[in-house]
Amino acid sequence: MSRSGVGPEQHRQGSEADATATPFQAREHQHIRYNPLQDEWVLVSAHRMKRPWQGQVEPSLLKTVPRHDPHNPLCPGATRANGEVNPHYDSTFLFDNDFPALQPDAPNPGPSDHPLFQAEAARGVCKVLCFHPWSDVTLPLMSVPEIRAVVDVWASVTEDLGGQYPWVQIFENKGAMMGCSNPHPHCQVWASSFLPDIAQREERCQRAYQSQHGEPLLMEYGRQELLRKERLVLTSEHWLVLVPFWAVWPFQTLLLPRRHVRRLPELTPAERDDLAFIMKKLLTKYDNLFETSFPYTMGWHGAPMGSEAGANWDHWQLHAHYYPPLLRSSTVRKFMVGYEMLAQAQRDLTPEQMSSSCTGLSRVLVAVATALVSAASSCPQAWGPPGVQYGQSGRSMTLCCPGVTAGVPVSWFRDGETRLLQGPDSGLGHELVLALADSTDEGTYICRTLDGALGGMVTLQLGYPPARPVVSCRAADYENFSCTWSPSQVSGLPTRYLTSYRKKTVPGADGQRVSPSTGPWPCPQDPPGATRCVVHGAEFWSQYRINVTEVNPLGASTRLLDVSLQSILRPDPPQGLRVESVPGYPRRLRASWMYPASWPRQPHFLLKFRLQYRPVQHPAWSMVEPAGLEEVITDAVAGLPHAVRVSARDFLDAGTWSAWSPEAWGTPSTGPLPKEIPAGGKPYTQPKENPQMDSPAPPRPSLLPDPRPLDHRDPLEQMAVLASLGIFSCLGLAAGALALGLWLRLKPDGKDGPQKPGFLAPMIPVDKLPGETKKSVC
């Protein structure tokens, strides 16, 4: 029964009464779904994914995290806030939370004086579990044995705290988007003296279903999902991962054991191994859904314990919830606000759509990359030549005797030495531990059994984990682009690169969710093993995300690069550049070239060019922008060889200029200037001399700087300049003479003399007008 008092049957009957003739499609029509595990409803509105997104965009989740930070309170050897120093742990590390939300000795608030103001005692214990000593790894990047070690601690801490408290909640908040303030891989364990609300609802719903149908709710639900195959994400021998029919979060999943199991401590060793394997696969799929370190909140729900542990809990089935917040991309998340906070949960993406998105990620290459990483286990597997193990300089290293069964005691020696390094009574069995290994520890080690027989030989090679490679991409035309990379630091170990790409979609566009049409796809390395991969058939106006993962025996590091063809377009240099003299013109050179062979020369795929030239003895270049595939240089220096080069760019200014073409050399003609053609005469012809032909590879002249200034002046140009100066000088003199005459005419004769008329007054004096008699002067 739902909280509104209306059960699933009443909801179904109401929906049928209101149904129209339009056939229902879950991906197009809104509807509500019932959650029988927590007795609540969720509104599904898949059509809302078509709306454009103009809301908050989270910052990129990609962040470089140092492997060890001495100031990080979760790192080995670091000092925490309470002054305690962490041990130098090399696996998991469990300790009491320095700032617990629950304390075992909290006082009782006492009886309530009114039913509207009730309070009860809350006591408990809070712990923190570090998964790994490295801060730059997460569960999907850890090895299966390492994850198995985490599962074992989960089971043991549940059993320990469950002996005193009825509820033990194990949960992990991954990523800053989920409120995690420390990137070091860890989870929390809260044990409480009370049963939390969600646990109470799940307990009530599972008990009611068991009493009504005679079997556990989640056991029947798992069988139904296996039959329907609509929302399955992963299956294994002992576990199921599926998207719940009633999922609220966009990529929410439910992890279920196939066998009826009530609590984590009840898992068999085989089930624990399989759990570590399927967790790694699930979390790798999450990371590659949007090619980012996927944030989520997860937690285990097992049957209550404490004083009620001996009661009948057969209706309860162990399960884990994964709640990731991302919706459309690595930077767009779902917000539980408005309707979700005031009415009921709502989602835009149907669980069936989410399941198909996750299932299609099986070919993601980062999963392959993490599978190659083996150094995190206690005894690293061979990564390269047989009998070679790899380790990191400055860290403890464990060597395993390859020829004996695990745990069998052996004696260890350095090759060529008789000194015993570690005897069979060390308690370490077939392992040899080297503390803080350095370059002096590199070499070959021999292990022998108790009877002196040779167990095997191991060669130790030290280096450093991979760092994010440096990646750059370039498009030589409108349809193909290539990416090259180089290591940002030398690891000293054998290294491989895994490359993939996918097409990015515009937020809010139809079909925004990840699908086979958007990738990811492998980016083939050309040739295989080279530091270059090529993408063919790209779309010019689309954006792509390139994934280059550097992998070596100590780990994997990924660089993601977003590119668009219009921004990385850079044609190849023009080809076939030729420089020829112009017979009879000692100041001219003709340069011609062709489009690069890689450019699709069509009317709508044009290039523009720029040309540079200089005498080979002078360092300064002159530059022009030709209109076509040739250019005549008119100011060359007579008698000197010139270097010419040319580059190209898309005619719409997309991308950048190409590199310069190889230089071509040419020397202007040494013949005289042609004479003017007389009226009615014949055109000038070149004197019949043996002209100096330009050689494709002329003798290289001296490249020493010429102390003489570069003189581009021509005699005709000099005469034109002189004539122009003469005309301007004459005009200036005339203007000056006119101004001087006006000034002299208007200048007053004396201080007391009559005032002269203004500049616009008549130039003829009044006393000179006809018909006027001159007045006498008294």
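**View 1. The loop residue D653.** At 40% relative accessibility, D653 counts as partly exposed (buried means under 20% relative accessible area, exposed over 50%, partly exposed in between, with a 1.4 Å probe and protein chains only). D653 lies in the loop between β34 (642–650) and β35 (664–666); helices (H or I, at least four residues) and strands (E, at least two) are DSSP runs, numbered from the N terminus. Its phi is near 65°, a positive value in a residue other than glycine. Most residues other than glycine have a negative phi. The model is predicted: local features need pLDDT of at least 70 and side-chain atom pairs count only at pLDDT 80 or more, while totals for chains, interfaces and linings use all residues. Residues are numbered from 1 along each chain as its sequence is written, and side-chain values use heavy atoms, with hydrogens and water left out.

**View 2. The loop residue K229.** K229 is in the loop between α4 (217–228) and β7 (232–235). Its phi, near 55°, is positive in a residue other than glycine. With a relative accessibility of 62%, K229 counts as exposed.

View 3. A pair of aromatic rings is described by the distance of the centres and the angle of the planes. Rings of Phe, Tyr and Trp (its six-membered ring) pair if their centres lie within 6.5 Å; planes under 30 degrees apart count as stacked, over 60 as edge-to-face and the rest as tilted. The structure holds 23 aromatic pairs. In the pair shown, the ring centres of Y296 and Y322 are 5.5 Å apart and the planes are at 65°, so the pair is edge-to-face. The pair links distant parts of the chain, with Y296 in strand β10 (residues 296–301) and Y322 in strand β11 (residues 319–323), 26 residues apart. Y296 is buried at 1% relative accessibility, and Y322 is buried at 0%. Both belong to one aromatic cluster formed by F251, Y286, F294, Y296 and Y322.

**View 4. Two arginines and the ring of W621.** A charge sits over a ring if NZ of Lys or CZ of Arg is within 6 Å of the ring centre and within 35 degrees of the ring normal. R614 lies over the face of W621, 4.6 Å from the ring centre. The charged end of R645 also sits over the ring of W621, at 4.2 Å from its centre.

**View 5. The crossing of helices α2 and α5.** The axes of α2 (residues 144–162) and α5 (residues 269–289) come within 8 Å and cross at roughly 120°. Axes are lines fitted to C-alpha atoms, for helices over the stretch in contact, and angles run from 0 to 180 degrees between N-to-C directions. The two helices are therefore oblique to each other (angles under 35 degrees count as roughly parallel, over 145 as roughly antiparallel, 65 to 115 as roughly perpendicular and the rest as oblique). Residues in the contact include V144, I147 and W154 of α2 and P269, L275 and F277 of α5; contact means heavy atoms within 4.5 Å.

**View 6. The surroundings of D572.** D572 is found in the loop between α9 (565–568) and β29 (575–582). At 22% relative accessibility, D572 counts as partly exposed. Leaving aside neighbours within four places in sequence, D572 is in contact with R474, A476, P596, S598 and S658. D572 and R649 are 77 residues apart in sequence and 9.0 Å apart in space, C-alpha to C-alpha.
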